[in-house]
Amino acid sequence: MRILLKFVIDCDPDAAWRALHSPRAVAELYGPLLDLEPLVPDGLPSSWSPGDDVPVQLAAFGVVPMGRQLIHASERFVDEPGGQVRIFRDSGIPLTGPLSSLDVWDHQMAVSPAPDEPGKTLWRDRLVFAGPTAAILWPVLWSAWQWREARVKALAPGWAHDLADAAA
């Protein structure tokens with residue numbers, strides 16, 4: 001099963017790329033619906049790096065356990081005529097909870113300069129998942145990804161300022 005999103009956000013590609021690497025920004029995308037807590041003593045990294053394997057606990061509204069997820073980070077870069085496309089990938093897997101019946105989880109987020117819109121970013125979000133309950137979970141995940149799009153659009157204007165300061 002597959003969920004695809006493609007939209008323009010109001011920040012430059014560098015700010016969007018920093019946000020994709022920020023566990024804080026990722027947590028804000030799902031808030032307040034879903035809380036993301038680290039399951040390792042060191043906590044979440046300040047920035048996702050290629051090769052990171054980070055187990056997290058998910059909770060709806062911060063109190064209802066939704067299961068554990070392994071986040072596995074990787075990235076790649078593709079040169080296209082409109083500019084470089086930077087792709088952040090989470091190919092981890094749900095470990096427990098309602099999503100653990102899925103045996104494929106491949107979430108890729110791509111950012112690139114928005115065509116004919118200087119200073120803005122074309123955001124592409126693709127989730128591929130499979131497993132015995134994929135068809136049943138598709139409407140729930142599709143709804144969650146619509147929420148993600150709205151949150152990305154709402155939060156993106158602040159990323160250039162907020163995340164540049166956090167990285168410094």
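Colleague: P32 is placed in the loop between α2 (23–30) and β2 (34–38). What is omega for the cis peptide bond from G31 to P32?

Modeller: The model is predicted. In it, the peptide bond from G31 to P32 has omega near -5°, and it is cis.

Colleague: Why is F61 called exposed, and why is D116 called exposed?

Modeller: Exposed requires a relative accessible area over 50%. F61 is at 58%, so it counts as exposed. D116 is at 81%, and therefore it counts as exposed as well.

Colleague: How do you know that the side chains of D14 and R86 meet in a salt bridge?

Modeller: The cut-off is a side-chain nitrogen of Lys or Arg within 4 Å of a carboxyl oxygen of Asp or Glu. For D14 and R86 the N to O value is 3.0 Å, so the pair qualifies. The pair links distant parts of the chain, with D14 in helix α1 (residues 13–20) and R86 in strand β5 (residues 83–90), 72 residues apart.

Colleague: What makes R86 buried, and what makes D14 partly exposed?

Modeller: Buried means under 20% relative accessible area, and partly exposed lies between that and the limit of 50%. R86 has 13% relative accessibility, so it counts as buried. D14 has a relative accessible area of 42%, so it is partly exposed.

Colleague: How many salt bridges does a search of the whole structure find, and why does the pair of D106 and R89 count as one?

Modeller: The search finds six salt bridges. The closest N and O atoms of D106 and R89 are 2.7 Å apart, and the limit is 4 Å. The pair therefore counts as a salt bridge.

Colleague: Which of the terms, buried or partly exposed, applies to D106, to R89 and to R126?

Modeller: D106 has a relative accessible area of 12%, under the 20% limit, so it is buried. R89, at 32% relative accessibility, counts as partly exposed. R126 is partly exposed as well, with a relative accessible area of 30%.

Colleague: How do you know that the buried residues of α2 line one face of the helix?

Modeller: In α2, the residues P23, A25, V26, L29 and Y30 are buried. Seen down the axis of α2, these buried residues fall within an arc of 160°, so they line one face of the helix.

Colleague: Why is E149 called buried, and which residues does it touch?

Modeller: E149 has a relative accessible area of 18%, which is under 20%, and therefore it is buried. E149 lies in helix α3 (residues 134–167). Not counting residues up to four places away in sequence, E149 touches L5 and F7.

Colleague: What is the volume of the largest pocket, and which residues are the closest to its centre?

Modeller: The largest pocket has a volume of about 740 Å³. It is lined by 34 residues, and the closest to its centre are Y30, L34, L58, L99 and W145. Two or more lining residues come from each of α2, β2, β3, β4, β5, β7 and α3. The largest share, seven residues, comes from α3.

Terms used
Residues are numbered from 1 along each chain as its sequence is written. This is a predicted model: local features need pLDDT of at least 70, side-chain atom pairs count only at pLDDT 80 or more; totals for chains, interfaces and linings use all residues. Side-chain values use heavy atoms; hydrogens and water are left out. Helices (H or I, at least four residues) and strands (E, at least two) are DSSP runs, numbered from the N terminus. Buried means under 20% relative accessible area, exposed over 50%, partly exposed in between (1.4 Å probe, protein chains only). Contact means heavy atoms within 4.5 Å. The arc is that of the directions from the helix axis to the C-beta atoms. On a 1 Å grid over the protein atoms alone, a cavity is a set of points where a 1.4 Å probe fits but cannot get out, and a pocket is an open set with protein on both sides within 12 Å along at least five of seven lines; lining residues have an atom within 4 Å of a point. Grid points are joined across faces, edges and corners, and a volume is the space filled by probe spheres set on the points.
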